[in-house]
Amino acid sequence: MAQPAISCRNVWKVFGPDPAAHVAALSAGGSGAAGHVVAVRDVTLDVTRGEMLVVMGLSGSGKSTLVRCLSRLIETTAGAIDIDGVEIGSLTEASLIALRREKMGMVFQSFGLLPHRTVLQNVAFPLEMRGMDRMARTARAREVLELVGLRSREDYFPRELSGGQQQRVGIARSLAIEPDIWFLDEPFSALDPLIRREMQDEFLRLKKQMDRTIVFITHDFDEALRLADRIAIMKDGAIVQCDSPDRIVLAPASDYVAKFTAGVDRSRVVHVGTFAMPLPPDAPPEGSPLPAGATLREIARSLVADPRPTIPVADTSGRLVGALDRNAALDLVLEARPA
């Protein structure tokens, strides 16, 4: 089995006068001491290489603290975090800085652009810190500005850009170092809905072009559904469910998770392959199969027109992977959305 890009085991982050003792008391089944706040609670999680994990939860659920623990911007109270097999808690400051420069990209809610530098200079700045020569870093900065659609703004200063353009500069600056692992903490939360949607589209385009491991923090469930390979939902510092978007909406693990899915048109989220049943061994269904990668909403017309009670489902290579119960699928497509 391939080594995960990010692996955390029993990670805690507690704020207070004696956080280690508080964790020990809680782990032993006690209540701990007063005056402590548990921001991350016993999180165990792997992120596979090339995966986009979206972490979400209500304000104060611990999602931003968790991503800062994963990048060791703050120290954990207990537990271990490995990046590409290296336990980052054991790294010296110099080794940690090198790891961040060589492997990690970070984008946070505040753009953090240097006001006295142009867009091009802002994007080239991390490469300058690496010691890259001016010609090479300028060329690389222009490449990523092209990627985010800002090549025509390279001589502008941050104050001359819109909020959405400033966010693109922040993303370009992060991309310039070609990070293997990318941490993004609600990067679109301050943007108006139109710019936010545009940035999500841009991000999905970049994701297709570049094979990166991404941890993306948001409180917006619709955003999570658009972007995620898996969604981890946090409450009171703990991960209460981590699963694919399909499984989150089909089988929420608790009432808390179910509240996030309320009002979601599940047929636009659930894929045919996820909803399909195993193939019957004795008499697999015949006829043209449905694509496993399509959503139920996308094949709704085919469902209505197809009289077969059970319809085969195939992957992109044409291999049969399951069978769809037509009536059950139509029930989900036609279900009334909650008020």
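Biologist: In what order do the 6 strands of the open sheet lie?

Modeller: This is a predicted model. The order across the open sheet is E6-E7-E8-E3-E9-E10, with mixed pairing. Strands E6 (104-107) and E10 (238-243) are the edges, each pairing on one side only. From one strand to the next, the twist averages 15°.

Biologist: In which sense do E3 and E9 pair?

Modeller: Strand E3 (residues 52-56) and strand E9 (residues 230-235) are parallel, joined over 4 bridges.

Biologist: Which strands does helix H7 lie across?

Modeller: Helix H7 (residues 193-209) lies across E3, E7 and E8, at about 165° to E8. Helix H6 (residues 163-176) lies across E6 and E7, at about 170° to E6.

Biologist: Now the salt bridges. Which residue pairs with Arg68?

Modeller: Arg68 pairs with Asp185, and their closest N and O atoms are 2.6 Å apart. Arg68 is in helix H2 and Asp185 in strand E7, 117 residues apart.

Biologist: Why does Asp185 count as buried?

Modeller: Buried means under 20% relative accessible area. Asp185 has 2% relative accessibility, so Asp185 counts as buried. Arg68, at 26%, is partly exposed.

Biologist: Which residues form salt bridges with Glu154?

Modeller: Arg142 forms one, with closest N and O atoms 3.2 Å apart. Arg151 forms another, also at 3.2 Å. Glu154 is buried at 10% relative accessibility, while Arg142 is partly exposed at 30% and Arg151 is partly exposed at 38%.

Methods: Residues are numbered from 1 along each chain as its sequence is written. This is a predicted model: local features need pLDDT of at least 70, side-chain atom pairs count only at pLDDT 80 or more; totals for chains, interfaces and linings use all residues. Side-chain values use heavy atoms; hydrogens and water are left out. Two strands pair if DSSP finds at least two bridges between them. Helices (H or I, at least four residues) and strands (E, at least two) are DSSP runs, numbered from the N terminus. Axes are lines fitted to C-alpha atoms, for helices over the stretch in contact, and angles run from 0 to 180 degrees between N-to-C directions. Contact means heavy atoms within 4.5 Å. A salt bridge is a side-chain nitrogen of Lys or Arg within 4 Å of a carboxyl oxygen of Asp or Glu. Buried means under 20% relative accessible area, exposed over 50%, partly exposed in between (1.4 Å probe, protein chains only).
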